[in-house]
Amino acid sequence: RLENFRPAIHTIEIKDVKTGTTKDMGLQHEAFEKILKLASRRKNIMLVGPAGSGKTTCCKNIAKALDLPFEYTAVCMQTTKSDIFGYMDAKGEYVQTAFYRAVKNGGVMLLDEIDACNPNTLTSTNAAIDNGVASFPCGMVDVHKDFICIAAANTYGLGGNIEYVGRNPMDAATRDRF
C-alpha cells in the first residue's frame, strides 16, 4: 500500500578522484547511487514514484553531490512555453527562466510533475534535452556540457491511473529523452 511506502535509506560518501577529498552526503534514498552515476555521466533521468517518495530531495542532493546549481520548475497543464523558455518583455529585454539558466550555465534542472504538463509544451523542450541546442526568445543557445535534466513524475507518462487521474500521456519523443 502506498501510504505505507518508506524508501530504504543508506549513508553515501563521494570521493573526488582528482583531489582525493571525500564528501559525506549522509543518509540517502536506496536509488541515490544509481541516479548519481547516471547524472555524473550527464544522462537525462526520469524519476517515477508516489508523492512524498523523495524525488525532489534526491535531485537537490544530486546537484549538491556534483557541485552543480539546482534549478526547479513545477509544470502543469497551464505551463506555457514562456514559463519554460522565457520571453521578451515590453522593453525588449529577455526574462530568464530556471530552464534557460540550467541550459546555458549548466546545472541540474528538475521538471517536476512532468506527467501533469501539457504535452505540446513538453515537446518544445525536446531539442534542448537531447540535441545539444535550444531556441530561446533571446536566440539559439548551445546546451552546456553540465546540463542535466531530471523529470519527476507520479506515472510513467502513459496517462492517468487510479491514484493520479489528472496525469497526461506524454509524447513518445519526450519519454524517449529520459
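User: How many aromatic pairs does this model have?
Analyst: Six aromatic pairs are counted, taking rings of Phe, Tyr and Trp (its six-membered ring) with centres within 6.5 Å. The model is predicted, so local features need pLDDT of at least 70 and side-chain atom pairs pLDDT 80 or more, while totals for chains, interfaces and linings use all residues. Residues are numbered from 1 along each chain as its sequence is written, and side-chain values use heavy atoms, without hydrogens and water.

User: What is the geometry of F85 and F99?
Analyst: They form an edge-to-face pair, 5.5 Å centre to centre with 70° between the planes; edge-to-face denotes planes over 60 degrees apart.

User: Which parts does that pair tie together?
Analyst: F85 belongs to helix α3 (residues 81–85) and F99 to helix α4 (residues 98–105), so the pair links parts 14 residues apart in sequence. Helices are DSSP runs of H or I with at least four residues, and strands are E runs of at least two.

User: Moving to the sheet, what is the strand order?
Analyst: The open sheet has four strands in the order β3-β10-β7-β4, with parallel pairing; pairing requires at least two DSSP bridges. β3 (45–48) and β4 (70–74) are the edge strands, each pairing on one side only.

User: And how many bridges join β7 to β10?
Analyst: Six bridges join β7 (residues 107–112) to β10 (residues 147–153). G107 of the model stands opposite F147 in β10.

User: Back to helices: at what angle do α1 and α2 cross?
Analyst: The axes of α1 (residues 32–40) and α2 (residues 55–65), fitted to C-alpha atoms over the stretch in contact, come within 10 Å and cross at roughly 55°, where angles run from 0 to 180 degrees between N-to-C directions.

User: Which residues make the contact?
Analyst: F32, I35, L36 and A39 of α1 meet C58, N61, I62 and A65 of α2, with contact meaning heavy atoms within 4.5 Å.

Key:
Rings of Phe, Tyr and Trp (its six-membered ring) pair if their centres lie within 6.5 Å; planes under 30 degrees apart count as stacked, over 60 as edge-to-face and the rest as tilted.
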